[in-house]
Amino acid sequence: MPSDEDWRTPADEAGNDALQYSDIAIGYVSRHPRYQAEYRRALGRVRRGTVSADDATATLVRRWGISFHAAPASAFDPRLAVMRPELSPSNIVLAPALPGFRWAQPLDVLALGPIRARVSFDGFVHFILADPEGDEHLWIAGEIDHPLALMLPYGPYQRTQMAAAERLRRRLCGIPSGPPALRLSPSRRIHHLTLFRLLDGRRAGATQRELAAVLIGDAVRDYNAADWTESKERKRIRRWSAEAAELMQGGYLRLLGGG
């Protein structure tokens with residue numbers, strides 16, 4: 001959900017080193033008014049007991065590609081974001097092993113360590129594995145207590161998929177898993193956090209000039225009308241506004257692949 005803080009307040013960079021592209025994607029979709037309305041309706045249905053939190057989450061994820069878990073006690077918690085398994089190569093998918101692979105084993109759930117959430121979703125069990133360097137998302141198709149194999153779809157994202165699998169292997173071995181493969185660079189992180197502030201400012205009714213004054217430079221307040229119309233700050237805010245709107249309206253799905 002958009003931050004309750006005033007959009008004029010600079011984003012707190014502390015702890016943001018662990019932000020992954022999925023964290024940025026949920027930041028955009030959470031600012032979409034229609035998603036907010038659907039999510040709140042889902043929370044209401046869960047509170048009334050007409051649907052389970054897992055089923056409500058699955059409905060939202062099918063519709064939006066990514067959603068917060070529809071758990072009323074932790075509504076809009078960014079640590080409980082669930083994305084469709086095929087949308088991000090950082091998702092780790094385990095499936096039943098082919099017959100005859102004697103070394104394939106069932107998963108030891110206790111060896112996974114801290115788990116933020118466990119969600120049943122379209123035949124999968126989804127685990128959000130807590131990690132200080134960036135949480136991991138593990139999907140298991142079929143029975144956990146049967147021999148499993150890692151899915152590594154052939155395609156352009158194999159390096160990212162192997163890096164995610166290596167993080168899981170290290171975790172199961174009880175050693176630090178290391179940084180995620182789809183973590184943002186500092187410059188991209190700052191850019192997206194700025195676009196979040198822009199969307200929040202527009203929602204609060206800020207003008208383009210006020211957005212430019214806060215996000216770029218206060219000097220634009222002193223521009224006359226002609227200077228402002230031709231200014232580079234106005235053009236930049238217009239570009240940023242178009243980019244932020246496109247990302248909020250569905251472009252966030254590209255971010256799940258690191259785009």
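Which residues of helix H6 (residues 208-215) are buried? They are Leu 211, Ala 212, Ala 213 and Leu 215, where buried means under 20% relative accessible area, exposed over 50%, and partly exposed in between (1.4 Å probe, protein chains only). The cover over these H6 residues includes helix H5 (186-203), helix H7 (225-230) and H8. Helices here are DSSP runs of H or I with at least four residues, strands are runs of E with at least two, and both are numbered from the N terminus.

A word on the model before we go on. This is a predicted model, in which local features need pLDDT of at least 70 and side-chain atom pairs count only at pLDDT 80 or more, while totals for chains, interfaces and linings use all residues. Residues are numbered from 1 along each chain as its sequence is written, and side-chain values use heavy atoms, with hydrogens and water left out.

Now step back to the whole protein. It has eight helices and seven strands, and its C-alpha atoms fill a box of roughly 75 × 45 × 30 Å along the principal axes. Of the 259 residues, 47% are buried. Take the contacts (heavy atoms within 4.5 Å) with a separation of 6 or more: 66% of them join residues 24 or more positions apart.

Patches are made of residues with over 30% relative accessible area and no salt bridge, with like charges joined within 9 Å and nonpolar side chains (Val, Leu, Ile, Met, Phe, Trp, Tyr) within 5 Å. A salt bridge, in turn, is a side-chain nitrogen of Lys or Arg within 4 Å of a carboxyl oxygen of Asp or Glu. Lys 235 is partly exposed, at a relative accessible area of 44%.

A nonpolar patch comes next: Leu 98, Phe 101 and Trp 103 together have about 400 Å² of accessible area, as given by the Shrake-Rupley method with a 1.4 Å probe, where only the protein chains shown count as cover for residues. Phe 101 sits in the loop between strand E3 (92-96) and strand E4 (115-121), and it is partly exposed, with a relative accessible area of 40%.

Our last stop is Pro 156, in the loop between strand E7 (148-150) and helix H4 (158-172). Pro 156 counts as exposed, at 76% relative accessibility. Between Pro 156 and Pro 89 there are 9.5 Å in space, C-alpha to C-alpha, although they are 67 residues apart in sequence.
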